[in-house]
Amino acid sequence: MLNISSNNKLNEKVDLTGYKAGQKVFHKRHYKHFNRFLAYFSITVFFMMFLPWTQNITGRGFLTTLTPDQRPQTIQSPIPGRIEKWYVREGDYVQKGDTILYISEVKSEYFDPNLVERTGQQIKAKEMAVTSYQEKVKALNQQINALKSELGLKLEQARNKLVQSKLKVKSDSIDLEAANTNITIAQRQYDRTQKLQEEGLKAVTDVEEKRLKLQETQAKLISQENKLLTSKNDVINAQVEINRVKAEYTDKISKAQSDLYTAQSNQFDSEAQVTKLENQYTNYEMRNNMLYIRAPQNGYITKAIQSGIGETFKEGAQLVGIMPADYDVAVETFVEPIDLPLIHLDEKVRIQFDGWPAIVFSGWPNASYGTFGGKVVAIENFISPNGKYRVLLAPDEEEAPWPKDIRVGSGASTIALLEDVPVWFELWRQLNGFPPNYYQPQNTSANATKK
């Protein structure tokens, strides 16, 4: 084996300076200009470490609109149907109320093309039935009033007859008392005449006359008693007649009232049916209007989601996409949860739009070119599915207006400007992964102090 010693070095044994390559490498000249440049550069970097740097929070988002009604939307049909005819093409401009497409019914209960007219005829027929029941109710009311009036007259007549019967009872009672008096006198005369005839003072014929008169008086008494009983019976009959009249007319009035209530019930039922039919009539009219799908606002047709002729769809299905023509642009951006406490309403934000030329210095916003001003108008209080918080930005009226060529949905990068710190502090923070300095804007603290 070869024994290689540490003293066996080629550069110590051979002089390499005699060669051209060695002369280019092993020389003792110094690069004074380069060393001077490094010194100046180090001094410059050292001073730059103390320059002010604006802390910021960067985010990524896209263009949207300030109000929900200005955002892209789809047009749905509240009823199922079948596409029959298209009136627009993708990219067409439509005004509010313009017809986009026409659909037809797919449910059998709405196939009748004259459904609205026939429902109107049913309403008219039911209204006539209501009118008939109203007239019947009026007639029954008149009948009940007539029966009540007749009942009053009949009762008055029966009461008069009852009074007459009672007076006749009194008259017959007086006649009966007179008959009793007459028979008492006749009996006395007969007894006296018979006694005188026994004494020979009166003839037998006188006794027979007195007996005959007594018998006649007795007959009159019996007749008078019979008349009195007849008069009393008439009183009872008059009372019975009053009760009969009351019962008869109560039955008639009750029957008329029953017919009245039946007529009123039928009237109310018919009125309810009329109301139900009117509701159906209005629903059918509105449903017929829904067969024409119209634009809800001014805008551009972006996409026909349901296409073709004869294609069926369910209620609530998306048919057409539309983009409103008039809208106020905004930027929807997302920030990390650690940066959310640093975002406040009316915070100034710089925005760079995709496709728009820009030179951005995040720490020196005044030196940036192609960025536009915005301010925070809304901060979401619940985290989004992407793990960040949503922030809505509106154009800053104090800054230059946003470009007119930007469109809703295009991307945007946002830079929220925070506190001014030295460059060395920002580098130290970035290397350690610390969040930006927590602070409160002056306007926010002032408002809080006022409250």
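This briefing describes selected features of one protein chain, grouped by topic.

The structure is a predicted model, in which local features need pLDDT of at least 70, side-chain atom pairs count only at pLDDT 80 or more, and totals for chains, interfaces and linings use all residues. Residues are numbered from 1 along each chain as its sequence is written, and side-chain values use heavy atoms, with hydrogens and water left out.

**Annotated segment**

- An unreviewed UniProt entry places the annotation "transmembrane region" on residues 37–54; UniProt positions follow the numbering used here, feature names are shortened, and annotations may be inferred rather than shown by experiment.
- Over residues 37–54 the chain is 67% helix and 17% strand, where helices (H or I, at least four residues) and strands (E, at least two) are DSSP runs numbered from the N terminus.
- The end C-alpha atoms of residues 37–54 are 29 Å apart.

**Nonpolar patch and aromatic rings**

- A nonpolar patch on the surface is formed by Tyr-40, Ile-43, Phe-46, Phe-47, Phe-50, Trp-424 and Trp-428, with about 840 Å² of accessible area together.
- Helix H3 (32–48) and helix H6 (423–432) are the elements that give two or more residues to this patch, and H3 supplies the largest share, four residues.
- Patches are made of residues with over 30% relative accessible area and no salt bridge, with like charges joined within 9 Å and nonpolar side chains (Val, Leu, Ile, Met, Phe, Trp, Tyr) within 5 Å.
- Accessible areas come from the Shrake-Rupley method with a 1.4 Å probe, and for residues only the protein chains shown count as cover.
- Trp-424, found in helix H6, is partly exposed at a relative accessible area of 40%; buried means under 20% relative accessible area, exposed over 50%, and partly exposed in between (1.4 Å probe, protein chains only).
- The structure holds eight aromatic pairs.
- In the pair of Phe-46 and Phe-50, the ring centres are 5.3 Å apart and the planes stand at 70 degrees, so the pair is edge-to-face.
- Rings of Phe, Tyr and Trp (its six-membered ring) pair if their centres lie within 6.5 Å; planes under 30 degrees apart count as stacked, over 60 as edge-to-face and the rest as tilted.
- Phe-46 is partly exposed at 49% relative accessibility, whereas Phe-50 is exposed at 51%.
- Phe-46, Phe-47 and Phe-50 are linked into a cluster by ring pairs.

- Helix H4 (residues 115–199) has 85 residues, which at 1.5 Å a residue should span 126 Å; the end C-alpha atoms are 123 Å apart, which agrees.
- The expected span of a helix is 1.5 Å times one less than its number of residues.
- Asn-266 lies in helix H5 (residues 204–290) and is partly exposed at 29% relative accessibility.
- Between Asn-266 and Ala-129 there are 9.0 Å in space, C-alpha to C-alpha, although the two are 137 residues apart in sequence.

**Backbone angles**

- Most residues other than glycine have a negative phi.
- Asp-346, a residue other than glycine, has a positive phi near 65 degrees.
- Asp-346 sits in the loop between strand S10 (329–335) and strand S11 (348–353) and is partly exposed at 48% relative accessibility.

**Salt bridges**

- The whole structure contains 14 salt bridges, each being a side-chain nitrogen of Lys or Arg within 4 Å of a carboxyl oxygen of Asp or Glu.
- Arg-287 and Glu-105 meet in a salt bridge through their side chains (2.7 Å, N to O).
- This pair links distant parts of the chain, 182 residues apart, with Arg-287 in helix H5 and Glu-105 in the loop between strand S5 (99–104) and H4.
- Arg-287 is buried at 13% relative accessible area, and Glu-105 is buried at 10%.
- Arg-244 and Glu-248 form a salt bridge (2.8 Å, N to O); both lie in helix H5, four residues apart, about one turn of the helix.
- Arg-244 is partly exposed at 42% relative accessibility, as is Glu-248 at 29%.
- A network of salt bridges links Glu-241, Arg-244, Glu-248 and Lys-252.
- Arg-82 and Glu-84 form a salt bridge in which the closest N and O atoms are 3.1 Å apart.
- Arg-82 is partly exposed at 30% relative accessibility, and Glu-84 is partly exposed at 30%.
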